[in-house]
Amino acid sequence: MAIGRQRAKEHVAGSPNGNITSQSEQGAQAAQSKQTGPDTTMLPTNPRTGEPLAPRAQPGYYPGFSTLRQQAFWDEATRNVVLERVQHTPPIRFFSPEEAQLMESVCARILPQDDRDEAHIIPIVCRIDERLYAGRIDGYRYEDMPPDGEAHRLGLRAIEAIAQHLYGVAFVELGPGEQERVLATIHDGEPPAAEDIWQRMSVSRYWMLLVQDCIEAYYSHPYAWDEIGFGGPAYPRGYVRLENGLPESWEVNERRYEWRAPSWAISGEYQPMGGGDTAATPGQEGTH
Amino acid sequence: MAVKALIPAVEDLSETLLDARLRWKRLAERKARMVESGGLARDIERDVQIVEEYIREGRFQRSLSLIAGISALLGGLEVTYEHYQGSYSQRIMYSPLVASAGVAVAACWGVFDRRVARTALPIASLVLLGDGVTGFIFHIRGVARKPGGWSLPVTNVTMGPPLFAPLLLGTGGFLGLIASLLRREDDPLPSGLPGLWEAATAWFDKPPDEFSAHRRSGSAQAEWSRIRRRIREGRFQRILAGATAVSALLNGMEALYSHYKNNYRYRVQWLPILLSPVIAAAGLGAIWNRTIAETLLPATSLAAAISGLVGLYYHLRGTLRRPGGLKLPVYNIIYGPPAFAPLLYSSTGFLGLLASLLRRGD
Amino acid sequence: MMKKPVLGRMGSGLRTPKPHEHMLGPIQKISQPMRRFDPGEEVDYVIVGVGAAGGVLLQRLARAGFRVVGFDAGPFWDTERDWVSDEAGSYNLYWNDLRVTGGSDPLAFGANNSGKGVGGGTVHWAGFTPRFHPSDFRVYSEDGVGADWPISYEDVKPYYELMEREIPVSGPAYYPWGDPHGYPYGPHPLGGVGDALVKGCTKLGIGVVAGGPVAITAGSHGDRPHCIYRGFCIQGCKVGAKQSTLISHVPDAIRHGAEIRDRCMVSRILLGSDGLVTGVRYFDANGQEHEQRAKVVLVCGYSIETPRLLLNSACSGFEQGLANSSGLVGKFLMAQAGNVVLGRFADLVRMYKAPPAHALTEEFYETDPKRDFARGFAIQTVGPLPIAFAKQMMTAKGAWGWGLRQVMMDYNHWAAFGFLGEILPWEDNRVELADETDQYGLRVAKITFSLHDNDKKLVAFGVNKTMEVMRAAGAEEVVQEPRYAHLIGGARMGNDPRSSVVDSFGRTHDIPNLILCDGSIFPTQGSANPGLTIQALAARTADYLISEGEAVRSRHTQTIIRPPIRYHLSPASTAGRGVPRLRSLRPRPTIGAGGLAPGSKG
Ligand SMILES: Cc1cc2nc3c(=O)[nH]c(=O)nc-3n(C[C@H](O)[C@H](O)[C@H](O)COP(=O)(O)OP(=O)(O)OC[C@H]3O[C@@H](n4cnc5c(N)ncnc54)[C@H](O)[C@@H]3O)c2cc1C
Ligand code: SF4
């Protein structure tokens, strides 16, 4: 099913969310909000009241839980690696400034962090840049893919081309809803533009590369662990309470709150990648 | 020979190999005859009393022996699967199985057989006691050798070798030892036992100095021997009260860290933890204070015995409710709530009850 | 920021190792200096790759008194300094050099497949150690698909028993499937995922075992502590509870005079004019090229690197690759279908606790004539950490953006099962050389992998069954991610030199003193994780080599069929540990020697 194209079309014809404000206007709004305070349209909302939820230092259902606060219980090698990750932001060396800017706005949609306060944003692009600059790969390349760095460059070009094709505006100028729609076409395996690029690389594999790189940056950060209630490093101190989801004495119990993605977002609903053929996109992680 | 010297009052009973019950019967008959004939029954009265004390102590001996045997058995069963959790990764981990089986057999057999109670029981008990202390040391070392060692006491004591379990097992040995020191109604006179045992029991019979005046006034011989018996029983009573306290504390510690694993999900899990210090206090108090020995100790002990049974219920229920339930019987017994631990708690209660039934020196 | 340990002094309580100490866990260390052979000296054995198989061989041969040098392309890990308790930080454990992957169902490598460094794949394996079933050794005779092994279960069985003690393997006292047996170490406690598997299986009346079999200590083992249930097995067990040959066999090898040259990439096997191999050429850590002469060369580089090395060693006489007269080097590559089935529960699970590997069912292992496919599958527990889980949500649910953030906040509500399905050996699934080269200028491997009809049916059925179990366990939402696990094959064993590369001991049919011993020599793979069998076969090959002695260089035909089992070659810490166990419920086979002919039933 050509969900992506459909989604994009729907929007051009008239926003599915009844949100017809000019895209660039919305983008400007978002940009402006950086100075004047949080732009509430960017925020997830309380589904019952529809009220936006104010950005937090720590989103998620484990308020007060901090893995970093447990660092005295970690071994030295692990502590060094994790603290380095938290304290050190590598400079951009692989991407050009324009690419980096585009990549920033792409990653801000792949892993949006508008619900985090400024001080607790997890850097993503610089991590990807660091990996590509160092030439670190995962040990393989798909036959139908160029090397990772090249794939990222090509992907950015394609994203830009799709934005131009659908909206006639640069991706970074688009509002978040439109940006999501551009990306969704790739997620759905139906990019409406940049045919030449997709000749050179597989759409779904590029999507996986992009999302996985973002995931690795975000979910390797202690802030993300606190958000999802993961215990973090666990050596030499292991776990005592293994069953029934019981918290350790230093963990906290779940305290859920309801939230929903902002109204312009389509990434809040789950659609299968590549139009549903999951067999074509096998997972790449080691588990057993 | 100490024993012989200590029991001059029954010297007139020449059938030294007869057991106390027989002696009691004969004495009773003699007493009846004397009363019939209107003769002086005072001496006989005294003899009857002594023999009755014998029977009483003998009963305690048997009860204590039984408690020692049962707690060794329960402890042994518990250690069997606890050590299975540790895979018997060292040969010495088999030793408490053998040692507790030894006490269990010796003590239960000793209930019926005097010889076993006098020979095998003390030896087996000493071995178990020694094994408990050795195990304690090994468990301390085991915690130290876990990653983080003693710097992570909460984690490593909870997940490491249970620190106090060996001592708890050792108390079985201790009780066995005490049981083997108590006299039995079927003890022959003279005992004919090796000097070691007599030396060990001698302390129980040795009255404190302030009684020496009594002793010298030959007039109140009967009175004197009664006092001495009281002293003897009182000492046992104190020792048992102390053992109850120690065993309650160890049990409480075990419950504390094994229930910690479960985050005290059920409020009833606090019961043994909160009860233990109270029993321990009662047990310790009973050593010095008679009122406590007669009120608080039996009350808390009874509570312990009952709470052990409650625990047994919950533990069995917990085992059945585990994923797989009866389909994985062995696994769920090993990793479900330990079935024998609450029974061990009950046996502490029974010990306390027994202690409070013993008469005191004061 | 820092919180003080309760009742403890500041700090994690770990002793800081002294500069010269090579730590292999919090307590275990290599205490004496390693032997170094003269560069020009000819040694008895060179082992290429000190992984699952290489580690065992190195230890055996060193203990038997041979002069052995082990090469590994990766580092000789110091577990305290090099490993971290962190997902992203464990990148270096994997073979991350370039490979090109294709076919209609291309395999992922890196973190999903091979290790690099002493210990190889055992450094980052989950540690599931089930045995193969007797039927796995005669798949062709029984089901008319795949291939038969030149040996039977009975040939490997004593080595299973031996390795289960050496590793040691923890598991139930009675393991009901295949050849029923018990394990020397007791089972582990269940974590949340294991609870779900046991619950689901029990509800559906499917047999299940809890607490193993896993290569993780339930109880201390010499200087290796009991598992601390921290769930980082796949990131390398810093505790030293999960076995890797690095900590179970390599220390004993070093003690007995073996040398390990780490960070040394073997680039070519050298062939002499007499048709025997004479040694290897390798690049050291600085990129310098050297040669090492040896009487015998053992290649244990696993299913990609072993064929690649043979292909890269092509020379006159062996233009298609060394020992490749059959043309089968690199062919019949297999991977198991390793789909991950994920279920969301209303209650918390916290699947990051406990080792990922701790419960499984092999109820569907054997061929069932009622199904429309041959062979079967297993269902196991897995415990993805956040990064892996997020990627699974991406593939299984199509999550990204806000949806990804939202489902990740429910991380602690999810449990994951690993499906493990047998994929049959197909000739077109293969390793070849790509035109691209790596940092040493060596041509990289190009892997082609596609599922065939039987495989697809098996996966569809098995994944459905696994999802059913997840639902029965109480999951409200169940999704799955297709995936492949465990490389096998690429240089299969057999009796016929035309249809196989090596004999049952790994000796190449073409060159008597070139021996392959690792996952690549398996003709089929069953649906059991391969690590135990790889190690068991390595111990068997070691016994064979020791029995053969010098003769291994001269004789082309094998005469020793069942070498005596050398129990005394076990590492020092093996004896006197564990529980007495159920050894066998099957009668001894009536067939005399190994080497079952195809078609015979054992
Ligand atoms: C995430 C994950 C989980 C797993 N879980 C399990 C599990 O639970 N149970 C199980 O049984 N298996 C599991 N496996 C698979 C298991 O790890 C492998 O099957 C096993 O390690 C293979 O053993 P091997 O001896 O054949 O090769 P390896 O152990 O991979 O050893 C090969 C070694 O050779 C070296 N090498 C290769 N080529 C060269 C060269 N040219 N020069 C020098 N050195 C070289 C490599 O550096 C490596 O160290 C898992 C694998 C992964 C990725
Ligand atoms: S769960 Fe156990 S085996 Fe796995 S890494 Fe932790 S300590 Fe090691």
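Student: How many residues does the contact take from chain C and from chain B?

Tutor: The contact, meaning heavy atoms within 4.5 Å, takes 43 residues from chain C and 25 residues from chain B. This is a predicted model, where local features need pLDDT of at least 70, side-chain atom pairs count only at pLDDT 80 or more, and totals for chains, interfaces and linings use all residues. Residues are numbered from 1 along each chain as its sequence is written, chains are lettered from A and ligands numbered from 1 in the order in which they are written, and side-chain values use heavy atoms, with hydrogens and water left out.

Student: Happy with that! Why is H4(A) called roughly perpendicular to H9(A)?

Tutor: The axes (lines fitted to C-alpha atoms, for helices over the stretch in contact, with angles from 0 to 180 degrees between N-to-C directions) of H4 (residues 97–110) and H9 (residues 203–218) of chain A come within 10 Å and cross at roughly 80 degrees. Angles of 65 to 115 degrees count as roughly perpendicular, which makes H4(A) roughly perpendicular to H9(A).

Student: Which residues meet there?

Tutor: A:Met103, A:Val106, A:Cys107 and A:Ile110 in H4(A) meet A:Trp207, A:Leu210, A:Val211 and A:Cys214 in H9(A).

Terms used:
Helices (H or I, at least four residues) and strands (E, at least two) are DSSP runs, numbered from the N terminus. Angles under 35 degrees count as roughly parallel, over 145 as roughly antiparallel, 65 to 115 as roughly perpendicular and the rest as oblique.
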